Amino acid sequence: MSDQIKFIVDNLNKEPFRKNYNLITFDSLEPMQLLQVLNDVLSEIDPKQVVDIREEMPEQTAKRMLSLLGILKYKPPGNATDMSIFRQGLVIGSKPVIYPVLHWLLQRTNELKKRAYLARFLIKLDVPSEFLQDETVADTNKQYEELIEAFKTLHKECEQLKTSGFSAAEIRRDISAMEEEKDQLIKRVERLKKRVETVQNHQRMLKIARQLRVEKEREEFLAQQKQEQKNQLFHAVQRLQRVQNQLKSMRHAAADAKPESLMKRLEEEIKFNSYMVTEKFPKELESKKKELHFLQKVVSEPAMGHSDLLELESKINEMNTQINQLIEKKMMRNEPIEGKLSLYRQQASIISRKKEAKAEELQEAKEKSASLEREVSVKTNQTREFGGAEVLKGDEFKRYVSKLRSKSTVFKKKHQIIAEFKAEFGLLQRTEELLKQRHENIQHQLQAIEEKKGISGYSYTQEELERVSALKSEIDEMKGQTLDDMSEMVKKLNSLVSEKKSALAPVIKELRQLRQKCQEVRGLREECLQEESRYHYTNCMIKNLEVQLRRATDEMKAYVSSDQQEKRKAIREQYTKNIAEQENLGKKLREKQKAVRESHGPNMKQAKMWRDFEQLMECKKQCFLKQQSQTSIGQVIQEGGEDRLIL
């Protein structure tokens, strides 16, 4: 307790309170002064609490402080009886009640300031349901809730900006730097304009440059649109392939299966789907809804501190212990009927769990098969892109095997022919070598004859001339062929372009028509949705008006009827009766308040006299006990309410 008081005094002596207390002066404060200190701390947290306690009734002070402490989530120790003691202590300014409140408030002042600020905007007003039937009230309440949600989002963004590290000085520096860059760019633009003005036809060149930029932007937009259409086409092709594969698999299954097996399979699928729809999915949906409701409840509450979390954990532990005790009590009863039923319940729960596990396994297997089918379709598309063939199944694979067999026989025959060609190639290579040797011998003989005749090198020069002329003729032929090939290539390209244009022309026309139809359909859908919402809105308004009209007619009937019991049922009569009762109650309470005020001074004086009398009796008791404990120095004689000491 002394540490608590020391902490309170230290914080009250600091900013913004500056009370200049010490432990003795703080402990000697009167209840009214202590309540004023508590009110000063609360007014620092919430500026609306700035009130002089002496000018306010004690009940109003206690009510105001209790409401603020409830908003700040202060939890007094103990149960409901302790709560009543806490309220009474707060009214009279009891130290054991106010000291813990001050300690809790001064520990987390900044956090509580934020909580009080948020509570001013986030605590919703309780509007009765009968008032919400009015259209203007309902609209205003809806706008009020929307503004609360908008405030939540804006406050979160503000907190994120505060914690993001951006400061106002940095932003100002960035703005000044950007303004300087802007001025520099303006100066550069002016210099460039002055340079361009000296050039002839600069306006026309600027216009052409602007058109070029626009055309480039359009080209980029068209390229992006082309890429999007390619992606859409690719996805459409993939979808078509998946559907075709599904159709093939269904045809194979229908070809191999019988009507009985198909019916059996359909019945199993229907049972599984009905189980998923009626049992599994509703449970999962209910659990998700509960989880969502819990999360929304957590989000709607203000931020919790570490102390709040510790209190929640302690409550959870207490509830768990209570649950365990109740389970032990139930097990100690050991009723035979409940024991039999528990066996059946256990068996039913085991079967239901097994059923759920099998359903989940089946669902996972279906998802796995679907993912494998998607992977197979992707792999087939990749093989098609790389020029590969599709994976064959069933009859197609048999036909492929028969083709392979026929091709293998053809391959063997061709292989035998290649072997014969290889043998013939070896013979021809040998004859070539022999002919080369003979050619070399003849060349040596020819050179010897040319040297004898005095015309050495004649045959070599003649061969070179023949070779050069042959090369020239080949090059001329190649030039002619390349020119012909180029002209043919140009003709082919032109023909291909014209064919593609002619082929795409009807498709483009159809696409334009389909786009127009699509836009019309979208417009009609939007109109249909608007009309439907208007229809539902008018129906709701008609129902509300009917309910109000029915209430008004019932009220008029009850008010006009001569029967007194019917008149008593009227709302007007009930309200007048309630008003009269409340006025009588208010008169009684005012008289009671007046009596309490008149008797307050004498009662307080009498209470002070009783306290003084109690202190006097306590002092006498202490003196008597001290007298008995000491050694007898003399004799004390009590006569007529007086004490005499005789030595």
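1. Which residues does Leu102 touch, not counting residues up to four places away in sequence? Leu102 touches Ile8, Phe26, Val37, Leu38 and Val41, where contact means heavy atoms within 4.5 Å. This is a predicted model, in which local features need pLDDT of at least 70 and side-chain atom pairs count only at pLDDT 80 or more, while totals for chains, interfaces and linings use all residues. Residues are numbered from 1 along each chain as its sequence is written, and side-chain values use heavy atoms, with hydrogens and water left out.

2. Leu102 also belongs to the largest nonpolar core, which has 32 residues and in which Leu12, Phe26, Leu38, Leu72, Leu102 and Leu105 touch the most other members. Such a core is a set of buried Ala, Val, Leu, Ile, Met, Phe, Trp, Tyr and Cys residues joined through side-chain atoms within 4.5 Å; buried means under 20% relative accessible area, exposed over 50%, and partly exposed in between (1.4 Å probe, protein chains only). At least two residues of this core come from each of α1 (2-13), α3 (31-45), α4 (58-71), α5 (80-92), α6 (95-107) and α7 (109-122), and α6 gives the most, with eight residues. Helices here are DSSP runs (H or I, at least four residues), numbered from the N terminus.

3. The structure holds five aromatic pairs, counted when ring centres of Phe, Tyr and Trp (its six-membered ring) lie within 6.5 Å, with planes under 30 degrees apart called stacked, over 60 edge-to-face and the rest tilted. One of them is the stacked pair of Phe26 and Tyr99, at 5.4 Å centre to centre and 25° between the planes. Because Phe26 lies in helix α2 (residues 23-27) and Tyr99 in helix α6, this pair ties together parts that are 73 residues apart in sequence. Phe26 is buried at 0% relative accessible area, and Tyr99 is buried at 2%. Ring pairs also link Tyr21, Phe26 and Tyr99 into a cluster.

4. Trp610 and Phe613 both lie in helix α18 (residues 571-629), three residues apart, which is about one turn of the helix. Trp610 is exposed, with 54% relative accessibility, whereas Phe613 is partly exposed at 44%.

5. Asp46, in the loop between α3 and α4, is buried, with a relative accessible area of 9%. Not counting residues up to four places away in sequence, Asp46 touches Leu68, Ala116 and Arg120.

6. Glu279 is placed in helix α12 (residues 259-300) and counts as partly exposed at 34% relative accessibility. The C-alpha atoms of Glu279 and Glu356 are separated by 9.3 Å, although these residues are 77 residues apart along the chain.
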